[in-house]
Structure formats: C-alpha cells, structure tokens
Amino acid sequence: MTLLYKSDPARGAEWARLLAAKAPDLAFRIWPDVGNPTDIRYLAAWMAPDDIMAQFPNLELLISVGAGVDQFDFSKLPPELPVVRMVEPGIVDGMVEYVTMSVLALHRDLVPYIAQQRDQIWRQIRVWPASTRRVGVLGLGMLGEAACRKLAGFGFQVAGWSRSCREIEGVICYAGPDEMTDFLGRTDILVCLLPLTDETRGVLNADLFAKLPRGARLVSSGRGGHLDQDALLAALDSGQISAAVLDVTSPEPLPTGHVLWNDPRVLITPHIASMTQPETAVDVVLDNLRRHRAGEPLLGLVDRKRGY
Ligand code: NDP
Ligand code: OXD
C-alpha cells in the first residue's frame, strides 16, 4: 500500500515528515521517485499523468492536493476511479483570511488609496460603517460558507448564492439561476468562490456586472476561468465596477505587460488566497485512506457529473 505524492516537492517533504510520524506503516513516495509502479494504490497530485492507469495499474484512489479539481481532465481518468478533493481546515482558514482581507480592503477603499499614495495625493474618502455594505458570495461550499460567517461577524449584510438551497445563520441565501438577479442587485462587494465547471466558466461577465449596483467591487478567488477579463476592464472603464481584487487570472501567471498589471483599480495576488497546509492535510488524507479501506464514505468525494 503505497501513497505517491506528485506536486511541489518541498511540500512533499513536509508530508513525508508528518506521515512518518503519524503513519509509520504507510509507504510514501515523492514523484519522480515512484519505485515499483505496481505498489502505488493512492496518488495525491495537483496534475495527474495522462496515462494514469497504464503507469499505476493498481491505483485505487486519486487525491487532489488542492480544493479544486478542474485541473484534472476527467475524460482521461477511468470512470470507476474515485477522486477526492482536499477538504482540510488549513485551506479553509487561509481562504477566510484572504476573503476577509480583500473585502475589508475594498470596503475601506484601499485600492484607490494605493493609487493615491503612488501619486502623493492626500484625499479622504467618506468612511461608511460595515453595516451599510452588502457583500455577496458566489458559492456556499466549504470555503464560501466559512467566508460568509466571518464577514457577517464584521457587521456586513452578507448573502450567498449556490446551486441548492442553503440555510446559514446570519446569511441571506439565494439559489439557482432564477435567484441570481436578486442576489446581484443587492451586492455591493461580490466575492467569487465557485468551482470552475462547464456551468460556471465565464460567469463573471458583462451581463453579470450589469446586474450589480453601479460602482460595485469584485473579489475573484475561485479560478481565472470564471472571469471575462475584457468585460471587467470595460466595466471598470464605465464605472460599473469600481475596484477588483484578483487572486486568479487566465492564464496564470498573468503575462508580463498584461494591461491588468498596471491598472490602478485592480489589486493582483499570484494565486495564493489559500494553500493546503500539510500539518492538517495529512490527517484528512489518512482518514480518507482508512475510510477507503473500510468501505466508508470518502471526505470530499467529487461528483463527476457536477464537476466538483
Ligand atoms: P465546494 O465544492 O465546497 O463548494 C462549491 C459551491 O459552489 C457550492 O455551494 C455549490 O453549490 C456552488 N456551485 C457550484 N456550481 C454551481 C452552479 N452552477 N450554480 C450555483 N452554485 C454552484 O468548493 P469549495 O468551497 O471547497 O471551493 C471552491 C473553489 O475555490 C474551488 O473549486 C477552487 O477552484 C477555489 N479555490 C481557490 C483557491 C485559491 O487559492 N485561489 C484555494 C482553494 C480553492 P451547492 O452547495 O448547491 O453544491
Ligand atoms: C486549490 C487551490 O484548489 O489552491 O486548492 O487553488
């Protein structure tokens, strides 16, 4: 029973240290040091090899080292191979921090102040209480729900939108395409925490921006493929959107010289909103291996039909 790790080798070394202490009987290897490929039963990867079953004929479980799974080409994975995504508390805490930081930055006009500082301009913008600001989160899953709960604690008026109806204390929940327009109409700061699927690709587009109140602000920290970047630039130019924080772009890295880099209305971070934390992730992985052996439901099992 060997677990193979195929992602950032430095973080793999952390997994190795933790697993040696927590599960000394588990054989653990870090790509490309695969050993005998027929020993590999579990693969924890960011990108899976195309010919996965030819390489590892005894593979029983594919584990995404991230919360998202859109990096996998499911058409190349055997339908019977279970795929789980990373559902661990460290990645949730990181995203809650990032979304809180970004929403507070947009709420307190940090983006224009950064531009003003560059030009040595001392100009005050009226401060509004958080209770007057309506935040809306697209996606009420593991990350979106946790972010909503934290934001509600600051006094923001928080709402969220998901596919199925949800109930979250202190959060107004909207569901499905029919309720999207109402959700957007009451959203001053929009946060995208959807998974990237055929249904959500390009969701942050001109049509959506037009349904937000004029001057709305955007945090995009799901995937770059959600955002029509040209539509964002047009919405910034027209004043429909006043500022944006982007953690994800398309492509990544954002190419040198891209117009978004120098736009004073945009803050960019290099896909660091959150990261899987080895310390907490290995506990979830070990629990999932135990569940798999015991035939129990897996944590973070991906529904291939939904794509997340
Ligand atoms: P979950 O699968 O837990 O939640 C996804 C949410 O999106 C659910 O509420 C789901 O609705 C909703 N949703 C999905 N499709 C639709 C749709 N078509 N219409 C309406 N709602 C929809 O995902 P996580 O919260 O764990 O993660 C979200 C994404 O965040 C990841 O897929 C990844 O892309 C991104 N991410 C980014 C990181 C970064 O550093 N930038 C770090 C980690 C993750 P329902 O509840 O009804 O199923
Ligand atoms: C993830 C990510 O999906 O880091 O975990 O983007």
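**A helix across a sheet**

Modeller: Helix α3 lies across β6 (134-138), β9 (189-192), β10 (216-220) and β11, with heavy atoms within 4.5 Å counting as contact. It runs at about 160 degrees to β10, on a scale from 0 to 180 degrees between N-to-C directions of axes fitted to C-alpha atoms, for helices over the stretch in contact. Helices (H or I, at least four residues) and strands (E, at least two) are DSSP runs, numbered from the N terminus. This is a predicted model, in which local features need pLDDT of at least 70, side-chain atom pairs need 80 or more, and totals for chains, interfaces and linings use all residues. Residues are numbered from 1 along each chain, chains are lettered from A and ligands numbered from 1 in written order, and side-chain values use heavy atoms, without hydrogens or water.

Biologist: Is α3 largely enclosed or open?

Modeller: Largely enclosed by the rest of the structure, because 14 of its 19 residues are buried (under 20% relative accessible area, 1.4 Å probe, protein chains only).

Biologist: And what follows α3?

Modeller: Just after α3 comes D109, with a positive phi of about 60 degrees.

Biologist: Now the sheet: in what order do the strands come?

Modeller: The open sheet has seven strands, β8-β7-β6-β9-β10-β11-β12, with parallel pairing (at least two DSSP bridges between two strands). At the edges, β8 (172-175) and β12 (266-268) each pair on one side only.

Biologist: How many bridges join β11 and β12?

Modeller: Three, between β12 and β11 (residues 241-246). A244 has V266 in β12 as its bridge partner.

Biologist: Which strands does α8 lie across?

Modeller: Helix α8 (residues 229-238) lies across β10, β11 and β12, at about 140 degrees to β11.

Terms used: Buried < 20%, exposed > 50% of the residue type's maximum accessible area, 1.4 Å probe, protein only.
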